[in-house]
Amino acid sequence: MAATATVEFNGNKIKYDKTAVRSYKVQRALATPGQGMFDAVDRILLGKSEEVAESLGDDMQEMTALLTAIAEQEADAKN
C-alpha cells in the first residue's frame, strides 16, 4: 500500500504517493521527456493524473506547479 499524503493546491485537496515522490526511478522518468514522464506523474497522483489535470483546467503549467508544490511539501516534511 502506498504511503499517501494530501497537498492543498489552488483550492483542491490532492492525494499523492509519498514513496513515489522520493523514488529515484520516478524522478528520473519525470526528467526524461516521453511517455515515462506521464507514467511517473500518474504514479505520483495514485493513478488519477487525468482527473487531476481536468480539475486544474487541463493546463500543463498548473500540473507542473502542482508537482512543484508536492516536492516542496515533501522537502519541508523531511526537514
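Helix H5 gives the most to the lining of the largest pocket, with 4 residues. Helices here are DSSP runs of H or I, at least four residues, and strands are runs of E, at least two, numbered from the N terminus. This is a predicted model, where local features need pLDDT of at least 70 and side-chain atom pairs count only at pLDDT 80 or more, while totals for chains, interfaces and linings use all residues. Residues are numbered from 1 along each chain as its sequence is written, and side-chain values use heavy atoms, with hydrogens and water left out.

Back to the pocket. A pocket is an open set of points on a 1 Å grid over the protein atoms alone, where a 1.4 Å probe fits, with protein on both sides within 12 Å along at least five of seven lines; lining residues have an atom within 4 Å of a point. The largest pocket holds about 200 Å³, the space filled by probe spheres set on points joined across faces, edges and corners. H3, H4 and H5 each supply at least two lining residues. Among the lining residues are Phe 38, Ala 53, Met 63 and Leu 67.

Now the core. The largest nonpolar core has 20 residues, and Tyr 16, Ile 44, Leu 45, Leu 66 and Ile 70 touch the most other members. Such a core is a set of buried Ala, Val, Leu, Ile, Met, Phe, Trp, Tyr and Cys residues joined through side-chain atoms within 4.5 Å, and buried means under 20% relative accessible area with a 1.4 Å probe, protein chains only. H5 provides the largest share of this core, 4 residues.

Key
Buried means under 20% relative accessible area, exposed over 50%, partly exposed in between (1.4 Å probe, protein chains only).
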